[in-house]
Amino acid sequence: MEWFNVGKIVNTHGIRGEVRVNSYTDFPEERYAVGNTLDLFMPDSEKSIKLTIASHRKHKNFELLTFEHHPNMVDVEKYRDGMFKVSEKHLSELEDGEFYYHEIIGCTVVTTEGIDIGKVTDILETGAKDVWTITPEKGKPHYIPYIDDFVKEIDIDAKRIVIEPIEGLLS
């Protein structure tokens with residue numbers, strides 16, 4: 001079974017069992033809903049710990065969570081650096097033109113003229129639009145905003161993306 005990252009516990013928050021989570025999901029309301037159970041994987045462990053969400057709130061750039069049967073900080077500090085993951089069977093259906101990060105990362109990027117630019121190695125969330133890091137075999141990475149003006153075709157099955165760069169975009 002394949003697992004996908006949802007968020008990482010980076011620290012505790014206060015003394016009442018809250019943890020700070022760096023979230024990697026576009027669906028925080030669904031993933032961190034009260035009563036939902038998440039699988040937590042600790043570093044160097046292949047077995048998950050099942051945790052049921054007792055509360056969820058947003059604070060600055062973090063998701064703050066508490067878990068059932070974990071009423072204080074001592075109960076949750078052992079989970080620091082743990083990664084919440086969901087299995088492929090729990091992925092939501094996306095609308096046309098929407099993609100999961102894991103579907104985009106690893107795709108080969110070519111221009112409309114067929115010139116190989118590199119592979120998508122990372123996706124940066126800027127607030128307005130995502131920016132893809134395209135890493136060539138040699139040279140420095142390129143940063144391409146995911147907007148229709150540049151991205152002309154995405155073929156997830158073929159792991160291929162076609163872009164139409166403007167002057168200066170790939171320099």
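**Entry 1. Salt bridges.** I counted the salt bridges and found that the structure holds 4. The model is a predicted one, and I read each entry below with that in mind. As background, I noted that side chains of opposite charge can pair when their charged atoms come close.

**Entry 2. Arg-57 and Glu-18.** I looked up Arg-57 and found a salt bridge with Glu-18, in which the closest N and O atoms are 2.9 Å apart. Arg-57 belongs to strand E4 (residues 48–59) and Glu-18 to strand E2, so this pair ties together parts that lie 39 residues apart in sequence. I then checked accessibility for both partners. Arg-57 has a relative accessible area of 39% and is therefore partly exposed. Glu-18, at 12%, falls under the 20% limit and so counts as buried.

**Entry 3. Asp-39 and Lys-50.** I next recorded a salt bridge between the side chains of Asp-39 and Lys-50, at 2.6 Å from N to O. Distant parts of the chain are linked by this pair: Asp-39 is in strand E3 and Lys-50 in strand E4, 11 residues apart. Is Asp-39 buried or exposed? I found it at 9% relative accessibility, and Asp-39 therefore counts as buried. Lys-50 is exposed, because its relative accessible area is 58%.

I stayed with Asp-39 and noted that strand E3 spans residues 37–41. The side chain of Asp-39 also makes a polar contact with the side chain of Ser-48, at 2.7 Å.

**Entry 4. Lys-58 and Glu-63.** I found a further salt bridge between Lys-58 and Glu-63, with 3.1 Å between the closest N and O atoms. Lys-58 is at 53% relative accessibility and so counts as exposed. Glu-63 has a relative accessible area of 3% and is therefore buried.

**Entry 5. Negative patch.** Which residues gather in a patch of negative charge on the surface? I listed Asp-26, Glu-95, Asp-96, Glu-98 and Glu-125. I placed one of them, Asp-26, in the loop between strand E2 (18–23) and helix H1 (28–31).

**Entry 6. Asp-149.** Finally, I located Asp-149 in the loop that runs between strand E10 (142–145) and strand E11 (151–155). Asp-149 counts as exposed because its relative accessibility is 56%.

Terms used
Residues are numbered from 1 along each chain as its sequence is written. This is a predicted model: local features need pLDDT of at least 70, side-chain atom pairs count only at pLDDT 80 or more; totals for chains, interfaces and linings use all residues. Side-chain values use heavy atoms; hydrogens and water are left out. Helices (H or I, at least four residues) and strands (E, at least two) are DSSP runs, numbered from the N terminus. Buried means under 20% relative accessible area, exposed over 50%, partly exposed in between (1.4 Å probe, protein chains only). Patches are made of residues with over 30% relative accessible area and no salt bridge: like charges are joined within 9 Å, nonpolar side chains (Val, Leu, Ile, Met, Phe, Trp, Tyr) within 5 Å. Accessible areas come from the Shrake-Rupley method with a 1.4 Å probe; for residues, only the protein chains shown count as cover. Lys and Arg count as positive and Asp and Glu as negative; His and the chain ends are not counted. The place of a charge is taken as NZ of Lys, CZ of Arg, CG of Asp or CD of Glu. A polar contact is a pair of N or O atoms within 3.5 Å; within protein, one must be able to donate a hydrogen and the other to accept it, and residues adjacent in sequence count only if both atoms are side-chain atoms.
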